[in-house]
Amino acid sequence: MIIGVLNGPNLNLLGTREPAVYGTTTLDEIVARCGAVAAELGAEVRAFQSNSEGALIDQLHTWRGVACGIVINAGAYTHTSLALRDALAATSLPFVEVHLSNVYAREPERRHSVLASGAIGLVCGLGASGYEFALRGLVQTLRSRS
Ligand code: CA2
């Protein structure tokens, strides 16, 4: 079972700036942890990060028919990108939306996600561990469906 882990703009900077908001764990460390958890669950992770909306959409297209589900932190595109929402819908893949910070406790413009209505679940505010929880929840849901 292959799971795509997609990260959007600026998340490549994790662990280097704004630790009070986003923590001190780097994206490489998050991806490594996801890989270890996936192995424990008998799954496999394919990770991709880009600062470009088009590159994220292209990556989603490559996961069509390859991945079984997606863990996505679309960064600020979460709040704006209908193109990303369309791409997620086009893959027909179940996805869990994850945010390091509690977006609902932040500025009003971060309190709406254009992606969330299509998600099977959301994890936010739990920092880097949120990716692990999202992955575990996604794999469990996929297994219960098959
Ligand atoms: O809380 C999250 O995970 C977010 O998706 C992070 C996005 C933000 O736009 C969303 O509203 C919530 C921003 C990611 C920026 O990451 C940085 C990491 C280190 C230094 C600066 C930015």
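Reader: Which residue of β2 does Ile-2 stand opposite?

Author: Glu-44. Strand β1 covers residues 2-7, and six bridges join it to β2, the two running parallel. Helices and strands here are DSSP runs numbered from the N terminus (H or I, at least four residues, for a helix; E, at least two, for a strand).

Reader: What sort of model is this, and how do you number residues?

Author: It's a predicted model, where local features need pLDDT of at least 70 and side-chain atom pairs count only at pLDDT 80 or more, while totals for chains, interfaces and linings use all residues. Residues are numbered from 1 along each chain as its sequence is written, and side-chain values use heavy atoms, with hydrogens and water left out.

Reader: What makes β1 and β3 a pair?

Author: Two strands pair if DSSP finds at least two bridges between them. Five bridges join β1 to β3 (residues 69-73), and these strands run parallel, so by that definition they pair. One of the partners is Gly-69 in β3, which is bridged to Ile-3.

Reader: Why are β2 and β5 called edge strands?

Author: The open sheet has five strands in the order β2-β1-β3-β4-β5, with parallel pairing. β2 (44-49) and β5 (121-124) each pair on one side only. From one strand to the next, the twist averages 20°.

Reader: Why is β1 described as largely enclosed?

Author: Buried means under 20% relative accessible area, exposed means over 50%, and partly exposed is in between (1.4 Å probe, protein chains only). Six of the six residues of β1 are buried, so the strand is largely enclosed by the rest of the structure. Both faces are covered: Ile-2, Gly-4 and Leu-6 are buried on one side, with Ile-3, Val-5 and Asn-7 buried on the other.

Reader: What lies across β1 and β2?

Author: That's helix α2 (residues 27-40), which runs at about 160° to β2. For such angles, axes are lines fitted to C-alpha atoms (for helices, over the stretch in contact), and the angle between N-to-C directions runs from 0 to 180 degrees.

Reader: Why is α2 called roughly parallel to α5?

Author: The axes of α2 and α5 (residues 129-145) cross at roughly 30° and come within 9 Å. That makes the two helices roughly parallel, because angles under 35 degrees get that label, whereas over 145 is roughly antiparallel, 65 to 115 roughly perpendicular and the rest oblique.

Reader: What makes the contact of α2 with α5, and which classes does it have?

Author: On α2 it's Ile-30, Arg-33, Cys-34, Val-37, Ala-38 and Glu-40, and on α5 it's Tyr-131, Glu-132, Leu-135 and Arg-136. Contact means heavy atoms within 4.5 Å. Six of these residues are nonpolar, none polar and four charged. For those classes, Ala, Val, Leu, Ile, Met, Phe, Trp, Tyr, Cys and Pro count as nonpolar, Asp, Glu, Lys and Arg as charged, and the others, Gly among them, as polar.

Reader: How do you know whether Asn-10 is buried or exposed?

Author: Asn-10 has 53% relative accessibility, so it counts as exposed. Asn-10 sits in the loop between β1 and α1 (19-22), and its phi is near 75°, a positive value in a residue other than glycine.

Reader: And Ser-92, buried or exposed?

Author: With 62% relative accessibility, Ser-92 counts as exposed. Its loop lies between α4 (82-91) and β4 (95-99), and phi is near 60° for this residue, again a positive value.

Reader: How about Gly-75: buried or exposed?

Author: Gly-75 counts as buried, because its relative accessibility is 16%. It lies in the loop between β3 and α4.
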